[in-house]
Amino acid sequence: MKVSAAAVALAFALVLANFADQSHGALKEGFYKGKCNVNVEKIVSDIITPLVSQKPWITPALLRMQFHDCFVNGCDASILLDGGSSEKTAIPNRSVRGYDVIDLVKAAIEKSCPGVVSCADVIVMATRDAVAASKGGWYNVQTGRRDGLVSLANNVNLPGSSISVENSAAIFNSKGISTEDMVHLLGGHTVGVTHCSFIKNRLYNFNNTGSTDPTMQTALAVFLKLKCPQTSTVDNKIDLDQGGRSLVIVGEPTAEIVDNSFYKQIVIRKGVLGIDQALALNKLTKDTVNKVVISSNDYFLTKFHQAMVKLGAVEVLTGTKGEIRKSCRAINKS
């Protein structure tokens with residue numbers, strides 16, 4: 001009996017599809033469907049959504065946590081591990097918040113579906129739901145990560161707030177994230193705060209000149225100097241998104257909303273951090289910034305969502321690598 005080439009090709013494709021469907025070596029949307037008798041993502045959403053309405057700081061905290069986790073040994077929840085020399089103890093991570101939020105979500109999942117869902121996936125799902133709760137739109141996330149076994153402060157080497165665009169892009173590119181996606185990820189600065197200690201050099205001694213950074217809008221510099229007096233020992237909080245906070249643009253404050261306001265501020269030189277302002281001026285990134293500014297808010301949200309999914313795929317552990325922790329703060333006992 002003759003078998004057509006088309007039939008052979010179809011049979012081969014079905015075999016490949018069946019193999020791919022059974023493989024757990026890669027991330028995919030809905031990874032936990034059929035592995036628990038509950039909707040894991042709904043458990044996360046039901047906890048995070050009301051929490052964010054009560055505590056808006058959770059959104060920037062979780063965005064920062066995911067970035068800090070994924071950029072050190074990949075998205076493996078190593079930032080969550082306790083220990084005298086764990087990643088938590090590194091200087092850039094000492095101000096990371098939200099660990100108790102992740103603990104709360106993990107405990108609820110373990111109660112309904114023990115030993116199945118990784119802490120690394122909890123971070124990604126919780127961050128997505130926090131973004132959605134901050135008017136940033138809901139997006140599908142891939143799951144299937146496993147948790148890392150190593151967490152060392154010495155491994156933490158994160159880009160700082162005064163890094164150049166070129167050096168920042170090189171770091172992101174080394175993680176498989178394009179320069180364009182870097183610009184969209186830094187749009188996460190549309191929520192959250194920094195502190196005076198991180199911007200005093202821009203206000204009072206930019207590049208050891210004894211002067212203010214000339215790229216900062218004069219009115220903003222005056223406002224920030226009132227908030228951050230040169231000799232003050234109080235490290236006040238400063239919104240990263242200055243939209244709607246008086247001065248040039250007056251309107252609804254947007255520092256607790258995930259939107260494109262951040263980009264509208266940096267193009268009029270109202271960037272608070274050095275790297276943020278540089279995005280609007282550097283030839284590598286300014287076209288991407290301007291595209292966001294002239295486009296709808298939905299355009300930014302789509303690009304932000306796509307970039308967050310890419311961030312969540314950095315150097316992940318899947319298959320049989322790592323483990324599924326029972327507690328996010330400690331590796332499992334053998």
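Visitor: Which kind of contact do the side chains of Asp 103 and Arg 329 meet in?
Guide: Asp 103 and Arg 329 meet in a salt bridge, at 2.6 Å from N to O. A salt bridge here is a side-chain nitrogen of Lys or Arg within 4 Å of a carboxyl oxygen of Asp or Glu.

Visitor: Where do Asp 103 and Arg 329 lie?
Guide: Asp 103 belongs to helix α4 (residues 99–112) and Arg 329 to the segment after α13, so the pair ties together parts 226 residues apart in sequence. Helices (H or I, at least four residues) and strands (E, at least two) are DSSP runs, numbered from the N terminus.

Visitor: And what are these positions taken from?
Guide: This is a predicted model, in which local features need pLDDT of at least 70 and side-chain atom pairs count only at pLDDT 80 or more, while totals for chains, interfaces and linings use all residues. Residues are numbered from 1 along each chain as its sequence is written, and side-chain values use heavy atoms, with hydrogens and water left out.

Visitor: Is Asp 103 buried, partly exposed or exposed?
Guide: Asp 103 is partly exposed, with a relative accessible area of 24%, and Arg 329 is partly exposed as well, at 28%. The cut-offs are under 20% for buried, over 50% for exposed and in between for partly exposed (1.4 Å probe, protein chains only).

Visitor: Which residues are in a network with this pair?
Guide: Asp 82 and Lys 88 are linked with Asp 103 and Arg 329 in a network of salt bridges. The closest N and O atoms of Asp 82 and Lys 88 are 2.5 Å apart. Asp 82 is partly exposed at 42% relative accessibility, whereas Lys 88 is buried at 14%.

Visitor: How many salt bridges are there by this rule?
Guide: The count is 11 salt bridges. One of them joins Asp 129 and Arg 128 at 2.9 Å, N to O, and both residues are buried.

Visitor: New topic: how much space lies in the largest pocket?
Guide: The largest pocket holds about 1,300 Å³. On a 1 Å grid over the protein atoms alone, a pocket is an open set of points with protein on both sides within 12 Å along at least five of seven lines, a cavity is a set where a 1.4 Å probe fits but cannot get out, and lining residues have an atom within 4 Å of a point.

Visitor: What lines the largest pocket?
Guide: Its lining has 43 residues, with Arg 64, His 68, His 189, Val 193 and Leu 240 nearest the centre. Helix α3 gives the most, with 7 residues. Among the elements that supply at least two residues are also α6 (165–174) and α13 (297–311).

Visitor: And how large is the second largest pocket?
Guide: The second largest pocket has a volume of about 320 Å³. Of its 19 lining residues, Ser 162, Ile 163, Phe 206, Gly 274 and Ala 278 lie nearest the centre. Helix α11 brings the largest share of that lining, 4 residues.

Definitions and conventions: Grid points are joined across faces, edges and corners, and a volume is the space filled by probe spheres set on the points.
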